[in-house]
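Visitor: I'm new to reading protein models. Could you walk me through a pocket and a pair of packed helices?

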Amino acid sequence: MMPDQMMARLLLLNGATVKNHPNHDQSSKQHAMKLTFCKWITLALFAFLPCPGFAQATADGKASEPELSDRVADLEAYVNNVAPPTAAAKFQETKKAGPIAAVPGPGHNAWMMTSSALVLFMTLPGLALFYGGLVRSKNVLSVLAQCLGIAGMVTILWWAFGYSLVFGKNFNSPFLGGSEYFFLSGVDSIPNTDYAAWVSQNVFSMYQLMFAIITPALIIGAIAERMKFSAVMLFVLGWMFLVYFPLAHMVWGITGWMNGVWNEHATIKAVDFAGGTVVHMSSGWSALILCILLGKRIGFGKEPMPPHNMVLCMVGTGMLWVGWYGFNAGSAVASDVVAANAFMTTTLATAVASFVWGMAEYMLRGKPSVLGFCSGAVGGLVVITPACGFVSVNSAMFIGLVAGLVPFFACTTIKKKFGYDDALDTFGVHAVGGTLGAFLTGVLATASVNSNLNTFLKDYVAGHTLWIEQLKAIALTITMAVAATFILAKILGALLGLRASEDVERQGLDLNEHGEVGYEY
């Protein structure tokens, strides 16, 4: 390929041509000089900078540098977030992965490392402060301790078995991944192209770890102020193996039973962009069962139990909202057009839901509360999560509307009617919101937003039957979460007991279980 042709491709790659160049009105001589300058700078970069492309074999069998056209093709693949074509061609020829497979894209990697930090920020300190502000002051540290304890234990589980059970594949099973990555063996900076062409596998594994941390941490909102720390830790230990690891593989694993986007042989052709089923439904439905089995707090329904610090709650909500961009936009596993759409739809749905919840309180109770705005924001984030990378702007606005109304109804009317003590509304927001979001994703998803839906789901999307597959995934998720939680709770209850003693509960978990208090007056 000639330099002029190469420069034209590079200009097109950056969305510019000679005709629409911002300096088009300048003299042609100036423009030609600039174009020539850019051309030779580009050629110099390609000539002297290390290139991840394949070496070409010469007649004497020695390797030579790749052609310039191959380098540009790889660069285009990087910008478009598709597998590098020279790598694919070379693999078909030799059945050996070449150097390109060992080179992550710096931009995509940077975004995914940032997203990983953002998702961890959602738990520590976001969720900890959000939940911590909602409990009574005598129990604030118990919430923080549970979040920290879960983060540490789940990280150990993820290193030892979790990542491999979710994202491995040598079991060749639709329910669990494999053993090839136990103890993160072989998880290095080379991309795992089953999941991302340009992101290091070690970065991808850490990103997914943050999801594994926050999911069981959500459950503690339903059982706050009355469950023993030891029981919480043991419950989460069992729950990760019985619910999270298998469910995450079924939905996101390359051989997963419900991975409709990437597994051609998936039995249930469902979609979940960022965790409607895996994160919010699993934790929310488990939280409902656990809080019912655990029983109500002493004094529930008889004495007021207001949040002790709405400022902390508001701060935590803001951290959750900001961190959720890593959660949702990061689930594109690239800095690309799908991530951009998820970023926008997340913003719109969250803002609308927060406003709608607050206005619903204003109309029905005469006063819009900060707690209402915070709850609406989290509800919007939950409902848009499975849909954010699949739906349009207008669909996101509609999702925000229903996300502000349906969870509001669940946290007020339904909770009051049935009388269960879901202390911090984990069920009302995460189970109800996650289920609603999973269903709406099947109704509103469109390939015009995410062309990956055309890979194996074209007929389902075009035929408007994807929602049926979503209902199947919803039913299976609820069944797994409810059954596993019931079994675990019964076993742990019989072995060591789930609930703190009455005296401990009255005095507060902070002092009795952790030997310290949140506030010294």
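Guide: Happy to! Let's start with the second largest pocket: α5 (106–134), α11 (337–365), α12 (370–384), α13 (393–418) and α14 (426–444) each give at least two residues to its lining. Keep in mind that this is a predicted model.

Visitor: Which helix supplies the largest share of the lining?

Guide: That's α13, with five residues. In total, 29 residues line this pocket, and Leu371, Cys411, Lys415, Ala423 and Asp425 are the ones nearest its centre. Sorted by class, the lining has 15 nonpolar, seven polar and seven charged residues.

Visitor: Okay, now the helices. How do I describe two that pack together?

Guide: You give the angle between their axes and the distance between the axes. Take α7 (residues 201–219) and α9 (residues 276–294): they pack at about 25°, and their axes are 8 Å apart. Angles under 35 degrees count as roughly parallel, so α7 is roughly parallel to α9. Their crossing is right-handed.

Visitor: Which residues of α7 and α9 meet?

Guide: From α7 you have Phe211, Thr215, Leu218 and Ile219. On the α9 side, the partners include Val278, His280, Ser286 and Leu290. By class, this contact has seven nonpolar and five polar residues, with no charged ones.

How values were computed:
Residues are numbered from 1 along each chain as its sequence is written. This is a predicted model: local features need pLDDT of at least 70, side-chain atom pairs count only at pLDDT 80 or more; totals for chains, interfaces and linings use all residues. Side-chain values use heavy atoms; hydrogens and water are left out. Axes are lines fitted to C-alpha atoms, for helices over the stretch in contact, and angles run from 0 to 180 degrees between N-to-C directions. Helices (H or I, at least four residues) and strands (E, at least two) are DSSP runs, numbered from the N terminus. Angles under 35 degrees count as roughly parallel, over 145 as roughly antiparallel, 65 to 115 as roughly perpendicular and the rest as oblique. A crossing is left-handed if the near helix is turned anticlockwise from the far one by less than a right angle, and right-handed if clockwise. Contact means heavy atoms within 4.5 Å. Ala, Val, Leu, Ile, Met, Phe, Trp, Tyr, Cys and Pro count as nonpolar, Asp, Glu, Lys and Arg as charged, and the others, Gly among them, as polar. On a 1 Å grid over the protein atoms alone, a cavity is a set of points where a 1.4 Å probe fits but cannot get out, and a pocket is an open set with protein on both sides within 12 Å along at least five of seven lines; lining residues have an atom within 4 Å of a point.
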